[in-house]
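Notebook open, model loaded. I'll jot down what I look up as I go.

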Number of protein chains: 2
Amino acid sequence: MKKYLILALLLIFSLQNFAKDGYELWLDYRPIENSIMRSEADQLFSGIFFFGKNPTYEAIEKELQLAAPKMTGKAPVFSSERLNQTQIWLGTREELAQVLGLQNQIDIRNLGQDGYWMGPVVFQGKTYFTIVGNRPVGVLYGVFDWLKSLQSGSFDLNKVKMESPKIQLRMLNHWDNLDRTVERGYAGFSIWDWHRLPGYIDPRYIDYARANASIGINAVSLTNVNANARILTSDFMKKAMVLADIFRPYGIKVFLTARFSAPIEIGGLKTADPLDPEVIAFWKKKTDEMYQHIPDFGGYLVKANSEGQPGPHEYQRTHAEGANMLAAALAPHGGVLIWRAFVYSHEIDEDRHKQANLEFVPLDGKFRENVIIQVKNGAIDFQPREPFHPLFGAVKQTNLGVEFQITQEYLGQATQLVFLSPMWEEVLRSKTFRPTPTSTVAGIVDGSDSGQRLTLMAGVSNIGTDRNWTGHLFGQANWYSFGRLTWDPYLSSEQIAEEWTKLTFGQNPENLVKIKEIMLDSHEAAVNYMTPLGLHHIMGWDHHYGPGPWVTGGRADWTALYYHRADSLGIGFDRTFTGSKALEQYAPEIIRAWSDSEQIPEKYLLWFHHLSWDYTMKSGKTLWKEIGLHYDQGVKSARKMKSTWETLNGAIDPVQYSHVSQLLEIQVQEAEWWRNACLLYFQSISKRPFPSEIEQPEGDLEYYKSLRFPTAPGIRPKW
Amino acid sequence: MKKYLILALLLIFSLQNFAKDGYELWLDYRPIENSIMRSEADQLFSGIFFFGKNPTYEAIEKELQLAAPKMTGKAPVFSSERLNQTQIWLGTREELAQVLGLQNQIDIRNLGQDGYWMGPVVFQGKTYFTIVGNRPVGVLYGVFDWLKSLQSGSFDLNKVKMESPKIQLRMLNHWDNLDRTVERGYAGFSIWDWHRLPGYIDPRYIDYARANASIGINAVSLTNVNANARILTSDFMKKAMVLADIFRPYGIKVFLTARFSAPIEIGGLKTADPLDPEVIAFWKKKTDEMYQHIPDFGGYLVKANSEGQPGPHEYQRTHAEGANMLAAALAPHGGVLIWRAFVYSHEIDEDRHKQANLEFVPLDGKFRENVIIQVKNGAIDFQPREPFHPLFGAVKQTNLGVEFQITQEYLGQATQLVFLSPMWEEVLRSKTFRPTPTSTVAGIVDGSDSGQRLTLMAGVSNIGTDRNWTGHLFGQANWYSFGRLTWDPYLSSEQIAEEWTKLTFGQNPENLVKIKEIMLDSHEAAVNYMTPLGLHHIMGWDHHYGPGPWVTGGRADWTALYYHRADSLGIGFDRTFTGSKALEQYAPEIIRAWSDSEQIPEKYLLWFHHLSWDYTMKSGKTLWKEIGLHYDQGVKSARKMKSTWETLNGAIDPVQYSHVSQLLEIQVQEAEWWRNACLLYFQSISKRPFPSEIEQPEGDLEYYKSLRFPTAPGIRPKW
């Protein structure tokens, strides 16, 4: 029998080698590597008992049917009796009340809505491995965690594990248009096939739900924040309803983006004024209809008065008046209104950096309870590195959620391996010094510092129709990492990288070290070859692909020159009290430290200071030279990532190897392109000699400026 | 050992059940069902010897490495010695000259460039199973055929098989735009990721080449006939070059669409006049550059002076002058110029049906040798049923290729199962009576009747980024069927359906009967519920999704009214001598028979005749009643397809079952929609009572007219 199994497992391995197209994500169940663990799993899978019956348990059953044969070579056995052959118990605290000890029950109750307890339960002398939640979805989360521990070799049959998420709304934001294009999407097109909905259910929808549930994501907004009102018509509600029905067993709520002018566009009204009775009635009726279709509809996500999107300002109303009107329509149903803080009027501000605080701080305390303001991690726009957004800590009575961008708009799109977790970790751990001296962004967002009850972490999806979902295999690591951070924003990037790598490439320790090194170095590498030392927003026009430090024309705060402010004397955006004063929006501790060019961390230097090309850096080198060395270091790091990857040839699946290998080759070229284009451009301004330590570019500045990318993906469609 | 194998095979089966997403197409190798055949295959795979070394043999080796473990549970063994352990011999006639008998050599030589010979060869007392071609690609075709015979249970170790294709250019036409939208594409978006080319090779490109080679397709035009001149720039040539390099080992040549105005758009010229020396020089230089990148570049495909595309008419030049100029640029390199006959000037003709003949018959004999005119199967535009195009048989000294549409623009797009092979078979077997009394369309296209040396069958691709390539699983059958017909246009639809069904669903005879029945009934069903009795072009505006017999406005020959001509007296387009006289473009035998409404096959009746609603049909019923019954029969057939499919539940893979099942549910609804909308509309014109035998529609005509489909796919992008 054992021989059969080994042969069978070998075959499975060889077969799976043909199918490593990435579709399975981190749920690509494989034979369990550790033999003791495999026999434990074998036994556990042989008797599974559910204490209840509901669609979530059915989803768990399906997951186990999928996982067990791949992990152990045998189908799982579901028991209809609680005792006898049973090995695993699955159910809610209430369902298990009679078999759980009092302390266990208290422990579990404290884990809240989504938490789970996992461990051995002794009952009538026999031990059952038990996964319990307060709701079925907690059990689901527990099962996924258990499977993950088997795949990554960390399962301990005798250990008790308790987990509960720190954030309430763990949310993906799709920027998917109804025509299936995806704004800033680099993995093909939208997975939502609106045309064939509601009649045809793409199996992908279910796998999407599984993947999200397995990392704790429990909310998704299906549509672009640059919204199309049509999504709120009855026809589309019926389509969205089907998706909501599919996601429900996986604990995922559907949100939709609401276009503020929808009352005009689909309601036949002449105004969208949030105080107009007809407008109020429109939204109430529309929202009631929504809840008839989707009883657990999550709510609306709104981008208003930003980049040309309509909003309350057209009617001389505030963001609070706009948001509260929609929130009032949602409130009777328990819905949440998410309002983006990424606002700036179409007139050019002195410094776009300041606008969110200028708009929202005065409104502090004016938003309804079921409103949450979704704030990007930084004040500009998902740049390779930004200091944390000054709105964190600046309001006291406003729910704030954080918005990260998983799709790599400014970080190499789908041709570069950039593991974003270290960047998010840097933001989450940033000290805000408000409301308390030890406050961090994470502490504000999860409510522990801010005291807010409604909590949200949103990530702009990097998911598309590509077979591997994310275009670049390592894009999956960013999706995974985002999910894990929504569950626990205090996790380290290293831990997350380790988890994902084991699930994706197996447990070989040498491979693990190399892959983790590549991942953990990748963000700093990208910052170096794109925007070192606090530079930002110097990418290509419109498509944002590649460097464009020369970009000018059109709206000033969409140009590169606006942000780097390079002139013959120096470079950088003075946001201190001598400049735009944006720095003053932070806590006094930060203002003090960062207004001093000697004290501010050099990674933020040019974000806040305009300095002479000859300014002396901590290294003793001039700023001009230091910029050059950072760009060059970025290229070197990219090359090192590539050479490290090459040592994995033969040690990992060849399809995975070749996929990443080709993309790393492109990444090195793009890193060189960034370095050469930026240094040649800044040299044309600084008039300083090209640093001799650095390889001389092959082309000249005019060559780099002449490049055009008509097929660059992810462009916003023309409405 | 046997037990291992059985267990292993069982496991493979169970694993594969999770992966039936359709990506593998008809190359989804599975354990060989017949045990004798499996042990034969087992032995053959154990010693494979190639008589030479080249990229095509490497492709064969990879294919066998993929197939053998899945078919037999064991990896294939490649021998480095011709004798000893060897079981299979693979090579060209020249390579095998010393081991083949004289008669074999003559036989093989006669199979031409792409043919292959397969069978036992006895050498020094031992028998080798041998696959030989005149070129390596012939060996590849033979190997695919051999694998197919193992999968479908028809392999005979002792039989000699000789095959050679009847058509030279067996070609897919992609209507893929550079922004990855696909005109009339219903399977997602373009698989050509121009942005990431040339650096990143999607494994899909290779699988695409494998699939095509396995059915004999040897030419692909990558880009939309509504062309973008940018594809001819150096940047894009480098991208196309990579695809050509990938396809070359699989015997596939790359063609590109040439926009006639490219000299203006990318050449900086003021004219595209085909007789202008600068224009001639532009195309020569451009073409030379193309061949530097792609030495075996196939040539250009051109849509000119049609639906707004630029062409020679702008300069008062003929199609021949336009085509010959491009052909002259290609000739030195052995390239082919394909010129579409789907032309009609933007001014409205009396009857669009006539225009191709009006334009091309006078040019007969004026085209260069390396020009081929690509003629749609019918004179209008890929309608559910069209009589064959009158150009077939009307010219004597012009190479004619036929163009079919695999993508189901007018045949249910990606929500309907419509097996197109019977429709193509009907066209190919149509008697043209010219040039000889027994001539058929197939005989003209393959040169046997026409004597033309350059032969072409083109199909507009239904391939996209959907995981299963074609959106609807049965769309794969149309791709497959098209390929098989390019190889042999005399194959029967039944044979093709049987082959594909076995490769896709296995050999279970009961399943086979049912699935074949569904497939073979599906086209007639669609004709009935869409456009029975010769009706045509009454679909929805622009997106062509669903019925639109009321469509009017804009260009007359883009409306439905232009084609059905229904009025209070009758319905149908009079194309006889009393009408547009389009019928006169056919051979006298056809004119005689079809000009008589009693003699013409009723399936073409309203295509050529305008008849009273009360006209008596062969059934004795009135035309009005017969129209109604045909529509209703279509709905009944669709329902029968669905109920037959439902009996397969549990008998086939559940993922495949559910996928098709959902789509058949939609198909029934769409069939009812077509029937109801068309009958209500025609009733509003005929003023006859709604036939009492037919279910009364739920909605009224206004309801059907009010339906809008903003997310219907495949729309031509706005340039």
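Over which residues of chain A does pLDDT stay under 50? I found residues 12-18 of chain A, where the model has 18 contacts beyond four places in sequence. pLDDT is the predictor's confidence in each residue, from 0 to 100, and contact means heavy atoms within 4.5 Å. Where pLDDT is low, the predicted coordinates should not be read in detail. For chain A as a whole, the mean pLDDT is 95, and 96% of its residues reach 70 or more.

Ground rules for myself. This is a predicted model, where local features need pLDDT of at least 70, side-chain atom pairs count only at pLDDT 80 or more, and totals for chains, interfaces and linings use all residues. Residues are numbered from 1 along each chain as its sequence is written, chains are lettered from A and ligands numbered from 1 in the order written, and side-chain values use heavy atoms, leaving out hydrogens and water.

Entry: annotated spans of chain A. I checked the UniProt record, whose positions are given in the numbering used here, with shortened feature names and annotations that may be inferred rather than shown by experiment. An unreviewed entry lists "domain: Alpha glucuronidase N-terminal" at residues 25-146 of chain A. That span is 39% helix and 20% strand, with its end C-alpha atoms 17 Å apart. Helices (H or I, at least four residues) and strands (E, at least two) are DSSP runs, numbered from the N terminus. For residues 470-693 of chain A, UniProt gives "domain: Glycosyl hydrolase family 67 C-terminal", also from an unreviewed entry. Here I get 54% helix and 2% strand, and 37 Å between the end C-alpha atoms.

Entry: a helix pair. Helix 2 (residues 35-45) and helix 3 (residues 55-72) of chain A pack at about 145°, axes 10 Å apart. Axes are lines fitted to C-alpha atoms, for helices over the stretch in contact, and angles run from 0 to 180 degrees between N-to-C directions. I looked at who touches whom: Arg38(A), Ala41(A), Asp42(A) and Phe45(A) of helix 2 meet Leu64(A), Ala68(A), Met71(A) and Thr72(A) of helix 3.

Entry: the barrels. In chain A, eight strands close into a barrel in the order 6-7-8-9-10-11-12-13, with parallel pairing. Its neighbouring strands are turned by 25° against each other on average, direction ignored. Two strands pair if DSSP finds at least two bridges between them. Strand 10 (residues 336-340) and strand 11 (residues 371-376) of chain A pair over four bridges, and Arg340(A) stands opposite Gln374(A). Chain B has a closed barrel of eight strands too, running 6-7-8-9-10-11-12-13 with parallel pairing.
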